[in-house]
Every structure is written in structure tokens, then in C-alpha cells.
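Let's take a walk through a protein model together. Have the sequence and the 3D view open, and find each spot as we get to it.

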Amino acid sequence: ASLWALALPAQDTDALAPEPTATPRPVIEIPEVTARSQETQLRLREIDEAVASAPTDEIVAELDDFANRVAERLVTVDETRLDTLRQLGREELQQEWQGYRSRLAGWQARLLEISSGFEANRLELEETHALWQRTMAGAEAAEAPDVLLGRIRKVISSLDSTRDEVSAARDAALTALDTVADIRVEVNRVLEEIAASSSGIWARVLTRDSPPLWSALAGAARRDDGDEVGGDPLRPPAPGPDELSLDRVHRFVERERASLELILVVLVALAVVLLVARRRLARDQVEEAVRPRIAAVVQRPLAGAVLTTALMAAWLLPGMPLIVREFVTLAILASWLRLIPVAAPGPLRLGFHAIAVVYLADHYGRLLIDHQPWSRLYLLAVSIAAAAIGVRALRRDGPLRAMSPVGWGRLFRALVPVATLLLIAAAIANIVGAVTLARLLTRATVTSAAVAAVLFLAVLVLDAV
């Protein structure tokens, strides 16, 4: 028997093992079809409401307007030499595009949440649809009543319709998400260019970025356009169409309405307080110790109120459009010039007038002369004129000697020599070809001197109040 067993062919043990039975896929039992169909219809209504209430259409509409806005600004930025912008202008431009990026990030997070939710709903509907398909096959095999088969068919039809709606809503959210990604690429590119221009400017500060002034003057006669090779570092960028549009001013007013209303209230209140102080002064109702401080500014109450509130506006509203910013600058200059004859100390009146003239020449005159070497000559003239004001103030019989050695007198005595040396250095840098350094030193020093003079008068106004 043992030999006979050895002679038998070996059998495959796997073939003798029973085949594993497949796990039956779940179906809905026929008695539960009615109740489960009601639950499914209720769930479909919830999904339909979620699709109808999704803010995808609103986001897409806002995104279209935003994309057009960004496209217009891209044209302006591409046409602008970023390295010629002032530091404030470059910071405002950077803040503007950082705001665009933040807004896109918000949309991206919202659309990602919407599309993910719709994708989860679609997968849920796919599973539910397959379940009811198997239930339909089982019911037909069991010869269920026609009314029950009709109910199952209705559920399947509703599932198909809702699944198509969810897929369309998901695709719309994904398309908008793709648009957001494309715009973010452009926004990031602009921010990188702004950052590169900032680093490029500081890299050029201590380098000679133009030929010496005498070489530029000699070559100007041989060129019709007057541009240096590599461009004019002093040429201001032309404002884009949006910079001068009234629509941007309107958007700014709507966005900053609360701050503008506060500034208007402060303007009216200051004007009223200064008018009342002037009347009390005229009636001798002011103490002798206080009279010298308020008599200096109450003669020009409106100018004092405008000066203070304009400075307040420049501080509260850093992102003003070009038109509004220049209007505020002119308001400050006009009120400053009105207050100088009555509020500035006698020794400083001529110096304050000279600073105002030099600031006006630097701020607006360079817009009229945009070609080398004439722009460099103009900048050199501004530097020399401002330095001459400082040298005159430092003379033995200059106005600084007549000021008190404490308070504002001490401040002016400390700052005027430094400012004068910076202006002389700017003039030398301009002559030898370090134009970027000359521009930085001249405009920073002149602007700082103007701000110091304006703040001096603003403090007098607030002291009178």
C-alpha cells in the first residue's frame, strides 16, 4: 500500500483547496427601500442646497474684475522703471501688490475648500449610485412590485442629476482656482521685481552709475535725446493711467470714508478753536504768560487748522492716490507759507521761506526736466542752494546764533551742520558720477528739512490750542 501510494502522481494541494468566496457587495433589502429612498432624497436636497449656496459665482465675478485690474496695473508696472521710484512710491507699490497677493490667497483657500467639499460629495454620490444600481438589479431579480421599482428608478435619476450638478460646481471651482494660480504667478513676479529694484538701488548708491558731469555735458551736444547709456537714473517714471484716474480717487474715498470724516471733523474743530482764541486775544481775555504762544498762530486760524489736519491725513492715509497726495502736499505748503510770517521766529523766517522754495524746486521742478545732463545740473543747483542755506544759518551772525540753546534751538543747531555736510557731499557725488547717491542725499535732506520746519509750525498750532 505504501509503494502504491508512492507511485501515485502528486496532487496540487492548492487545486484541492476550496475557492474563496467573494464578499457580497451591500444592497438595500426590499422592505427597506421606501425608507432608504426618503433618506437619500433628503440627502440629495442638502447637497443641492450646498451647490446653490456656494459662493463660486460671486468669487468668479470678483475674480474677473480683479484680473482686469491686475492686467491694467501690470501694463503700468512693466512700463515703469522701478529703480527710479522714490522709496515711498516703491513701498506703496509693494504694499499694493502685497494686498493683491493676500486677496488671492484668501480666494485660493476658499475655492480649495469649496472644490474639496464638492469632490467629497461627488464620491459619496458615486457610492450611493452604485448601491441603488445593485438594489435595482436585486429587486428586478426578486420580481419586486412595479411601484417599488419605479421608486428606485426615481432615486437613481435624482442621483444622476445631482451628481452632474456637483461635478459642474466642482469643475467651476477648480477652473477659478487655476485662474487664481495664474494671477498669483504674475503678482509674485512683480513683487520679486520690486524687491530686486530695491536691492539694485542700494547696490548703486556707492557706485558711479553715470559718467562725470563734464563728460555728460560734452556729450550732450552730440545726442538729440540727451540720454546716457543705460538710462537716466534721475528720470521720474511717468504716472500710469490709473494713477491719474478719478475712479481710483473714488475708490480711495469709499475705502477711507471713516478716516476722511474724522480728518474733516478735526479740521473744523481746530479752525473754530483758533477763531475763538483770536477773539479772546482781541478782547484781552488771555493771560499774559500765554499770550505770546497763541498770538503767533491765531492770526492765521484757517492756515493752522489746514496744516495740522493735512499732516494728520498724510500720517493716517499712507496709500493715497497721486492726485490726493499732491493735493495734500500743496495744502501743507500753502498753509506753511501763510504761517511763516506770523508764527516763525524772526531769525528763522527767511530760512523757512528758503527751505520752502528749495523743496518746491526739488519736488516739482525735476518733473519738468527729465533728460541728462540737464536733470543732473538741476539736481546740482538744488543741492548747492540748499547747502548755501545751511552755510548761511551757521555763520556767526546767522539765525541759529539768535535762537535759544534749548528746545528747538538745540535741535536745529545739531541738525543744520549735518544737513549741510550731506548736501555738499551730494553735490560732489553728482559731479563725479554717483548720481543715485546724489539724488538720495539731496532729496532726503531737503525733505527732512521741510518736514522739520512744518512740524515746528504744527507744534506751535497745537500749543496754541
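We'll begin with the overall picture, then go inside, and then stop at some single residues.

First, a word about what you have on screen: this is a predicted model. The protein chain has 16 helices and zero strands, so if you go looking for strands in the view, you won't find any, because a strand here has to be a DSSP run of at least two residues. Of the 465 residues in the chain, 40% are buried. Now think about who touches whom. Take the contacts between residues at least 6 apart in sequence: 80% of them join residues that are at least 24 apart. Keep that in mind as you compare the sequence with the 3D view.

Now let's go inside. Which residues touch the most other members of the largest nonpolar core? They are Leu 63, Phe 66, Trp 97, Leu 104 and Trp 132, out of 43 residues in that core. Four helices each supply at least two residues of this core: α3 (33-53), α4 (56-78), α5 (87-141) and α6 (146-204). The helix that gives the most is α6, with 17 residues. The chain also has a second, separate core of 42 residues, and among its members are Ala 277, Ala 310, Met 320 and Leu 460.

You'll find Thr 40 in helix α3. Is Thr 40 buried or exposed? Its relative accessibility is 11%, so it counts as buried, the cut-off for buried being under 20%. The side chains of Thr 40 and Trp 132 are joined by a polar contact of 3.3 Å. A polar atom of the Thr 40 side chain also lies 2.9 Å from the backbone oxygen of Arg 36. Beyond its neighbours within four places in sequence, Thr 40 is in contact with Thr 128, Trp 132, Val 155 and Leu 159.

Next up is Arg 163, in helix α6. With a relative accessible area of 17%, Arg 163 is buried. Its side chain makes a polar contact of 3.0 Å with the side chain of Asp 160. Leaving out residues up to four places away in sequence, Arg 163 touches Leu 125, Glu 126 and His 129. Arg 163 and Glu 126 are 37 residues apart in sequence, and their C-alpha atoms are 7.6 Å apart in space.

Let's look at some loops too. Val 27 sits in the loop between α2 (13-16) and α3, and it is partly exposed, with a relative accessible area of 42%. Val 27 and Gly 138 are 111 residues apart along the chain, with 7.8 Å between their C-alpha atoms. Not counting residues up to four places away in sequence, Val 27 touches Leu 131, Arg 134 and Thr 135.

Glu 143 counts as exposed, at 70% relative accessibility. What is the phi of Glu 143? It is positive, about 55 degrees, although Glu 143 is not a glycine. For background, most residues other than glycine have a negative phi.

Further along the chain, look at a pair of helices. The axes of α11 (residues 301-316) and α12 (residues 322-343) come within 8 Å and cross at roughly 145 degrees. This crossing is left-handed. On the α11 side, the residues that meet α12 are Ala 303, Gly 304, Val 306, Leu 307, Ala 310 and Leu 311. Across from them, α12 brings Val 328, Ala 331, Ile 332, Ser 335, Trp 336, Arg 338 and Leu 339. Sorted by class, this contact has ten nonpolar, two polar and one charged residues. You've already met Ala 310, as a member of the second core.

Our last stop is Ala 381, in helix α14 (residues 374-394). Ala 381 counts as partly exposed, at 43% relative accessibility. The C-alpha atoms of Ala 381 and Asp 362 are separated by 9.6 Å, and the two residues are 19 residues apart along the chain.

Technical notes:
Residues numbered from 1 in each chain as written. Heavy atoms only, no water. Core = buried A, V, L, I, M, F, W, Y, C linked by side-chain atoms within 4.5 Å. Buried < 20%, exposed > 50% of the residue type's maximum accessible area, 1.4 Å probe, protein only. Polar contact = N/O pair within 3.5 Å; in protein donor to acceptor, adjacent residues only side chain to side chain. Contact = heavy atoms within 4.5 Å. Axes fitted to C-alpha atoms, helices over the stretch in contact; angles between N-to-C directions. Left-handed = near helix turned anticlockwise from the far one by under 90°. Nonpolar A, V, L, I, M, F, W, Y, C, P; charged D, E, K, R; others polar.
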